[in-house]
Amino acid sequence: MAQSRRMLVLRAVVEDYIRSQEPVGSTSLTRDHDLGVSSATIRNDMAALEDEGYLIQPHTSAGRVPTEKGYRYFVDRLATVVPLSEAQRRGINSFLSGSVSLKDALQRAARLLSEITGQVAVVASPSLAKATLRHVEMVPVAMTTLLAVVITDTGQVAQHGLAVSAMPAVDDINRISSTVNEQCSGLSLSSAAEKVRSIAEEAGFSTVHEVACALADAFASMALDERANELYMSGASHLAHSRSLSDLAPLFDALEEQVVLMKLMSNLSEETNATGVGVAIGSESHTPGLLHASVVSSGYGHSNAVADHAQDGESSSSSTDAGEPVAFVGSIGPTHMDYLATMSAVKAVARYLTAFISENGIQDRPAADQHHSH
């Protein structure tokens, strides 16, 4: 019994510290929480929690503050993420539904998330490696070059030059294009590459064999493109208000390291807990600049999955049973962030991006989000 009560005390300390950012003492805990025991008992519990590494006593202050271990215990026991209010949900919906393209939606999502949390928001655009083929067009652009315009399930448009020794007849190009679209739509780019290679060997396509092989190579190279195209970031100015300057320099350096950030948030969004949200606290991020920060991340746009429209608070299907997420959305803030509110907001924005990708017939405006392959 003492153990579970002690953990209720820990939870109360974490909640109070998040709210006040002042060290928490036994007197205020007795006053503000119905813990059913005396101030002296709470003092003993807090001393035990300090011995166990959950709390620390800064300087000579009477109060205590949570350690990383304390926050981790607290976060791991947030079994469900509290749903956003109806008004917040409507706000997210109306703000994101005005998006004219995937890029616009991702930029809006970053801005919105940083507004809701008062922290840095990071939204990655989907990597081609996780995309499936929606449609391809091949357009002759020079004597010996075709341009393949590839549209993926996430609404991204990638362009690839295909070199040929001699340009086939337009009818033949159209015929191979429509065959590829019929047989490869919905396949991953690596599967599409294999399929196109087998189509190239069919007797009826000898005149476009070279084109088909070049297209298969283009699909294969796009399938290896692990880089998410871009990282949209918003809210760095919020940090300046909440941090001491000595903490800020390494944190801004960490935000500049986009590749490190990508890897961290991408891994986190795939190692989520029951709430579908991953959290790294302080040193858990293994990133020096984030030593005094926490990162909350969730995947969105689950490939091979219909966006699930459960309300934000219901235990949603986690990324494992909904196929792999195609990218992530996340929030970076101080270790004393409001974890519950941040996790709810990250999860809600991830949901809306999943729905946006699955519902929006973005293929009818391909020019909106160009990705030029190099």
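Against which helices do the buried residues of H5 pack?

Analyst: The model discussed here is predicted. In this model, the buried residues of H5 pack against helix H6 (102-117) and helix H13 (339-359).

Helix H5 itself covers residues 86-97, which makes 12 residues. From its first C-alpha to its last, H5 reaches 16 Å, close to the 16 Å expected at 1.5 Å a residue. Its buried residues are Arg89, Ile92 and Leu96. Because these residues cover an arc of only 65° around the axis, they lie on the same side of H5. The face turned away from this buried side carries the exposed residues Arg90 and Ser94.

Arg5 counts as buried because its relative accessibility is 17%, the cut-off being under 20%. Leaving aside residues up to four places away in sequence, Arg5 touches Val37, Thr41 and Asp45.

Elsewhere, five strands form an open antiparallel sheet in the order E7-E3-E10-E9-E8. Strands E7 (231-234) and E8 (278-281) stand at the edges with a single partner strand each, so one side of each has no neighbour in the sheet. Strand E3 (residues 120-124) pairs with E7 over four bridges in the antiparallel sense, and Val123 has Tyr232 in E7 as its bridge partner. Helix H12 (residues 258-270) lies across E3, E7, E8, E9 and E10, running at about 65° to E9.

Methods
Residues are numbered from 1 along each chain as its sequence is written. This is a predicted model: local features need pLDDT of at least 70, side-chain atom pairs count only at pLDDT 80 or more; totals for chains, interfaces and linings use all residues. Side-chain values use heavy atoms; hydrogens and water are left out. Two strands pair if DSSP finds at least two bridges between them. Helices (H or I, at least four residues) and strands (E, at least two) are DSSP runs, numbered from the N terminus. Contact means heavy atoms within 4.5 Å. Axes are lines fitted to C-alpha atoms, for helices over the stretch in contact, and angles run from 0 to 180 degrees between N-to-C directions. Buried means under 20% relative accessible area, exposed over 50%, partly exposed in between (1.4 Å probe, protein chains only). The expected span of a helix is 1.5 Å times one less than its number of residues. The arc is that of the directions from the helix axis to the C-beta atoms.
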